[in-house]
Amino acid sequence: MREEEKKPTSTIRRILKQRWALSAIYIASAAIILAAAFLLQNSFDDSAKDGKEESAETGKNYGEPSVEVNSNLETIKMPVADADKSVIKKQFYDVNADEKAQEEALVFYNNRYEQNKGIDIAMEDGKSFDVKASLSGNVTKVQDDALLGNLVEVEHEDGVVTRYQSVKDIKVAVGDKVKQGQAIATAGKSQINDEAGVHVHFEIRKDNIALNPLDFVDKQASAIQSATEAEADKEETPAVEGSEADKETPAVEGSEADKEETPAVEGSEADKEETPAVEGSEADKEETPAVDETDESTDLESGTDEEGSVPGEDTTEESDSLKDSLNQSN
C-alpha cells in the first residue's frame with residue numbers, strides 16, 4: 001500500500017528531473033500570461049472603440065455653423081465702436097408713442113410712408129465707420145440691395161436675429177461665426193433713407209417681429225425673451241377685455257336708445273292720444289242724433305207720447321164733455 005501511494009510522487013519527481021521539464025513549464029506559463037494579456041487588450045480596445053463611436057456621433061456635425069451657446073449671457077451692444085460719438089438719425093416706430101414721435105419715425109420713399117423697423121445710426125461728423133456685431137452668432141444672410149443699402153443678418157439663440165442694413169464692404173459670408181464686437185461691414189447709404197447720409201440701419205427681431213433696439217441695449221439677450229413673453233401674455237387676454245367691453249355693449253345702448261326713441265311705440269301713443277275714431281265715437285255718444293230721431297219716430301209711429309197717452313183718445317173725451325155741457329145749458 002505504501003509503495004502504491006509513493007508511485008505518483010516518484011513519477012512527478014522523475015519528470016521534473018528531466019532537462020526539458022522546467023523549460024516546458026516556463027513556456028506554458030508564458031503562454032497563459034500572454035493569452036490573458038491579449039484578452040485584456042482586446043477588452044480595452046473594444047471599450048475605446050465604443051468611446052470613439054460615441055464621440056464621433058456627438059461631433060458628427062462638427063464643421064457646421066453653430067449658435068453661440070453663451071450668447072444669452074452677453075450684453076447687447078450698439079453696432080458701433082464708439083457709441084458716445086454716434087447719433088440716431090431716425091428712431092424706431094413705436095405704436096405706443098405719441099403722434100409726433102410716430103410721425104418722425106416714418107420713412108418717406110417713392111410717395112409712400114413706411115414705418116421704421118429699427119434705428120438709423122450715424123456718426124456726429126458724418127464720416128463712415130465700422131459696423132460691429134451687436135451679439136455673437138452665425139451669419140445667415142448676406143444680400144446686395146441698392147434700395148436697403150445691402151444687408152447682413154446674424155442669428156442668435158431663441159429666434160433672435162440682428163439685422164444690419166445700409167452697409168458696404170461686407171467682411172463676412174453666410175455660415176461664418178462672428179463674435180460680439182467683430183467688424184462685419186462698413187456704414188454706407190441707402191436709397192430708402194437717403195436723408196440719413198452715411199449710417200447703419202440696425203434692427204433686433206424676435207420670431208421675425210421687429211423690436212425697439214434701444215429697449216435692449218446694455219441688457220442681456222435673455223431680456224428679449226422675457227419681454228416678448230410678457231407681450232404675448234398681454235395679447236392673449238383680449239377676450240376678457242372684450243367681454244368687459246361687451247358689457248358696455250353699444251348694442252345694448254342702442255337698444256336703450258331704441259327704447260327711448262321707439263318711433264313705433266310713440267306713434268301708437270300718439271295714435272292713442274289723437275284717436276280720431278275714438279273721439280268721434282264719444283262725440284257721437286254725446287250728440288246721438290240718430291238715437292233721438294229714432295226714439296221720436298218710434299213715438300210718433302206708435303201714436304203715444306212719452307207718458308204713454310194716446311192723442312186720439314184725449315180729443316174724443318174732450319169733445320164728448322163739450323157736448324154734455326151744451327145740452328145742460330139748453
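Student: How do you know that about 720 Å³ of space lies in the largest pocket?

Tutor: Rolling a probe the size of a water molecule over the atoms shows where empty space is left. The figure of about 720 Å³ is a volume, that is, the space filled by probe spheres set on grid points joined across faces, edges and corners. The model is predicted: local features need pLDDT of at least 70 and side-chain atom pairs count only at pLDDT 80 or more, while totals for chains, interfaces and linings use all residues. Residues are numbered from 1 along each chain as its sequence is written, and side-chain values use heavy atoms, with hydrogens and water left out.

Student: What makes this space a pocket, and a residue part of its lining?

Tutor: On a 1 Å grid over the protein atoms alone, a pocket is an open set of points with protein on both sides within 12 Å along at least five of seven lines, and lining residues have an atom within 4 Å of a point. The largest pocket has 22 such residues, with Phe92, Ile209, Ala210, Leu211 and Glu231 nearest its centre. Strand 13 (209–211) and helix 4 (222–235) are the elements that give two or more residues to this lining. Helix 4 gives the most, with five residues.

Student: Which residues lie closest to the centre of the second largest pocket?

Tutor: They are Asn116, Leu148, Gln165, Ile192 and His201, out of 16 lining residues. The space in this pocket is about 230 Å³.

Student: Why are strand 6 and strand 10 called paired?

Tutor: Two strands pair if DSSP finds at least two bridges between them. Strand 6 (residues 137–143) and strand 10 (residues 177–178) are joined by two bridges, so they meet that condition, and they run antiparallel. Glycine 137 has valine 178 as its bridge partner in strand 10. Strand 6 also pairs with strand 7 (residues 151–155), in the antiparallel sense over five bridges. There, glutamate 155 is the bridge partner of asparagine 138.

Key. On a 1 Å grid over the protein atoms alone, a cavity is a set of points where a 1.4 Å probe fits but cannot get out, and a pocket is an open set with protein on both sides within 12 Å along at least five of seven lines; lining residues have an atom within 4 Å of a point. Helices (H or I, at least four residues) and strands (E, at least two) are DSSP runs, numbered from the N terminus.
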